[in-house]
Amino acid sequence: VRQEPAAERGRDRTIRRILVALDASADSAAALEAATALAALFGAELQGLYVEDLNLVRLPELSLVTEIDLLTGEPRRLLPSELEGHLRRQAARARRSLERVAGRARVRWSFRVVRGRVGAELLAAGGDLLTLGVRGHSPRRGPGSTARELLEATRASVLLLRRGSRLGRTVHAVFDGSRDDREAVRVAAELARRQGAPLTVLAKSAAAEVQTVLEEVLADAEGRPHLEVQIAPLPDGPAELAAAVRRQGCGLLVLPRAGEALDPEALIQLVRRAHCPVLVVG
Amino acid sequence: VADPLELPADALHRWTDPEAFDFETTAEVADPLDVVGQERASRAVAFGIGMRGDGFNIFALGPDDVDKRTLVCRHLDERAAAEPPPPDLCYVHDFDQPHKPRSLRLPPGTGRRLSRDVDALLQELRPALEAAFESEEYQTRRQAVHEEAGESQQEQFEALGERARERGLALIRTPMGFVFAPMKDGEVVPPAELEAIPEEEQQRLRLAIEELQKELQQILRRMPRHQRELRERVRELHREVARLTVHDLFEPLRQEYADLEAVVAHLDAVEADVIENVRRLLGPQGGGDGAEDGGAPAPGFLGGTGGPPSTALDRPELRRYRVHVVVDHGDSKHAPVVYQDLPTHPNLVGRIEYLPVLGALVTDFNLIKAGALHEANGGYLILDAVRLLTQPFAWEGLKRSLQAGEVRIESPREALGLLSTVTLDPQPVPLEIKVVLLGSPLLYYLLSAYDPDFGDLFRVEADFDDRLERGGDGERLYARLVAGLVRRHRLRPFDRSAVARVIERSARLAGDAERLSALGRALEELVREADHWAAEAGDEVVSGRHVERAVGEWTYRSSRIRDRIHEEIERGTIFIDTGGAKVGQINGLSVLQLGDFAFGRPSRITARVRLGKGEVVDIEREVELAGPLHSKGVLILSGFLGARYATDRPLALAASLVFEQSYGGVEGDSASSAELYALLSAIGEIPLRQAVAVTGSVNQHGEVQPIGGVNEKVEGFFDVCRRRGLTGEQGVLIPRANVKHLMLRPDLVEAVREGRFHVWAVATVDEGMEILSGLSMGERDAEGRFPEGTVNRLVDDRLAELAERAKELLPGNGEGGGEDA
């Protein structure tokens, strides 16, 4: 049995503030729904953030730059007023959907618009949990790097999901022997308990070890409601993992941040394929 | 009775002897009957039913009150019981011609079973497909298809992004499109720095941007084709998955119905359609984003645009796979016998119903409803001809179906353009049916004469009689018929005397002592009313007096007009003498028919004569109040007079005849004997007994011929006389040929028995004239002269005198000259 570093053990891991990045896309709408559900579960505050991307704002000032229209394929001049107006409207839309979704779930919420680099602004905004929609495979939306950047930089938990995935009741945790895997199991157990849902632990190591960890984790939870736990072998590789959780109808996959096989690139593939929200903790 | 012409009381009413019955009450009758007699009709119906081949349908004709249906039904039921039930009729969707539902004819009971089996399959269809489309295998393959496609595009974009990066540029998504922007340290180069870049470098960037933009445009242009290919591959995947799932569901059904080719073919078509339209079945939620290949409901299927479907099977995408049982013979043991009492066009040939969906009327084959022709197909259909003919299009529809040998569901509304909405043209069903029409003879003969198709389609004429023989077994059979009626209507049992009274009443209704009425309705009324009066009296058994009461009550209810007329005669408003003797005046008798009730009344007929040229003027005819038969009777009188009295000299008289106090029309020749008596009396100035009324027609030879309504006529005069008091002188002269028709009222019979009233039956005018005048007629002697003091002598003398006078006054007349003054 590995020992947790003392610093980690002492850290307060209660989720009080959930940051959700909003850009009025379908992906961010899914993120908003999931974040709201979690906020309701933890009694946390929801903080919506709309980032006006500095890179975009700069574009009209560049004399070299012409825009290729997505529908017609024709080049045309990018006007500052047009872009500003667009960003403003998008922010308003994002605020409205936050108001609606959070209001319905009776979750406290706030909303901010900032201008800057998306990743940096999200990191700067802080929060105990960052929620981010990951773009699906639609080529028209271009490759996104925000998620990647965020995963690399933040210390907070990150909830990733693509459009169409929803937070379900069954929770899966990955226990892979990496640094944060206990934390993953702990958070997953907490979530499962709060929902009264079963927990599945996908373990790489021997069942006995998992058992011990579980006992440890569950020891904190004396007097709490009963938790149903299943232990299943952890599949090899992100693609297999994605297939397995999809097959098992997983509602939320909890991963340790330092999971060895899961570099940010693989994680994003996993989010795209698993059809369920993925929570990275550690 | 001294007078040989006077009828004894027993001849006036033929009694039925209750003792002749071998039962006490009808409750003991072991074998009651529904129908008696009707040999001719019965044989015709039996022939028509047995005769196979086109057009041998039956028209059962007879008076409306004759119960034709019972007899026809009995024959049909017997025959049908020995025949197997016909096939079930179902309608199913035709996938090649959506507006022409196909008919399926299946062994009896199979339709219902198939429909249930198919419904069960359809219930399973969606869950099974959903399971298949949620399966790991499907998801994986679908993902693979998408990823393959997505990756190839992603790769293109990524390659483009890579080339941009090599040139110091980045591909950036803007709200409306893409731009290539110069980058530095992962950031767009700020404008100020860009301007600081040397012109040469700027030019290089500009060229690179242009080049990359062209590539981007090409990628964007290829995108629609790409999407289309992707959709096609996904669709092919759907088909494959559906095929695997659906096949397993359909296979057991195909096995079960393997010997029914049409069913298997339909199942195949359904399966193919399910596979082709699997996305529609799953709805927009099932199996991923539904926008990929159109989830719109099938056009023309109910609920597509309307309210919530009531059951899963009513969903538009499943409705069209169902089997709609239109005619179900699953519970039939034999061929059907159907009586359609409201033969409207839709009730005959079937109809298509519509449902309003968002204000529009829509339909599908599940709303096809069978008509009587479908129900009775393979069996027998009974229709009422009058109702059939009074329903718009119904007669035409029936004829067309019989001629074509198939039932086609067509609505006249569409033909008339009264309904303009999408409708169906269901496949016609071959028709093998025997139709029996019930109608009156008038209708039958009109149709035969005016409808050219009628003879071809209704070749069998079953002619029902309105009366039957009373003699022989007649009364006993009739008793069984009464027993049948009593049982059918659950009445109190009738004892012998009641049955005897019913039979006598029936003979009276037939107007003939030797016949019985076959008018079922009148008999039924009588029997039920007698039962009612027995109930009123608190009797458990209906006996003769109850029947008499029923007859009496019925008569009383109907006889207001008769009593009013008789009253006016009694009060002297209508002039009728019932005593004394008068010249040129006689009481004729006429019958008035009011609904079912007929009664007789005396009418005063008078004759006046004067010098003339041999014409007998009928005043009724002159004012056009006489019908042709009456006029004919009067003209015959001239023939008789001329032949008897004026063979060798002109008939130099002018006579006028009139029905006194008659303000309506007069028809029939039953008064012609009375007119002749009046005429002879007027010519010979012979007084006639006014206490005697007369009926009977006469021919040129002076023979008295039978007339109708003899009972009513005799009773009519009797009633008038009785009101004034019977003198013992009064009576009626009837034709001898009518004696067998006498079924007079018991009170009248009693009066005759006591000698207070008389009925004479005469065969010739001479016999009648002798009774009326009290003189003998007299025969010509060798010299051609009649004896002194006879009727003939008096008449002959008067005519001779008139001829003489005519000769004096009108020279040339009688010499054969044609000069009229």
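## Helix packing and nonpolar cores

The crossing of α21(B) and α25(B) is right-handed, a term used when the near helix is turned clockwise from the far one by less than a right angle. This is a predicted model, in which local features need pLDDT of at least 70 and side-chain atom pairs count only at pLDDT 80 or more, while totals for chains, interfaces and linings use all residues. Residues are numbered from 1 along each chain as its sequence is written, chains are lettered from A and ligands numbered from 1 in the order in which they are written, and side-chain values use heavy atoms, with hydrogens and water left out.

Helices here are DSSP runs (H or I, at least four residues) numbered from the N terminus, and their axes are lines fitted to C-alpha atoms over the stretch in contact, with angles from 0 to 180 degrees between N-to-C directions.

| Helix pair | Angle | Axis distance |
|---|---|---|
| α21(B), residues 560–570, and α25(B), residues 710–724 | about 50° | 10 Å apart |
| α7(A), residues 181–195, and α8(A), residues 207–219 | roughly 55° | within 10 Å |
| α9(A), residues 238–247, and α4(B), residues 136–166 | about 135° | 11 Å apart |

The angle between α21(B) and α25(B) makes the pair oblique, the class left once angles under 35 degrees (roughly parallel), over 145 (roughly antiparallel) and 65 to 115 (roughly perpendicular) are set aside. Contact (heavy atoms within 4.5 Å) is made by residues including B:R562, B:H566 and B:E570 of α21(B) and B:D719, B:V720 and B:R723 of α25(B). By class, this contact has two nonpolar, two polar and seven charged residues, where Ala, Val, Leu, Ile, Met, Phe, Trp, Tyr, Cys and Pro count as nonpolar, Asp, Glu, Lys and Arg as charged, and the others, Gly among them, as polar.

In chain A, α7(A) passes α8(A) in a right-handed crossing, and A:V185 and A:A189 of α7(A) are among the residues in contact, as are A:V213 and A:L214 of α8(A). That contact has six nonpolar, no polar and four charged residues.

Between the chains, α9(A) passes α4(B) in a right-handed crossing, with A:A243, A:R246 and A:R247 meeting B:E136, B:Q139, B:T140 and B:Q143.

A nonpolar core is a set of buried (under 20% relative accessible area, 1.4 Å probe, protein chains only) Ala, Val, Leu, Ile, Met, Phe, Trp, Tyr and Cys residues joined through side-chain atoms within 4.5 Å. The largest has 80 residues, and those with the most contacts inside it include A:I18, A:L46 and B:L216. A second, separate core of 49 residues includes B:A607, B:L637, B:I686 and B:A806.

How values were computed. Buried < 20%, exposed > 50% of the residue type's maximum accessible area, 1.4 Å probe, protein only. Helix = DSSP H or I, 4+ residues; strand = E, 2+ residues; numbered from the N terminus.
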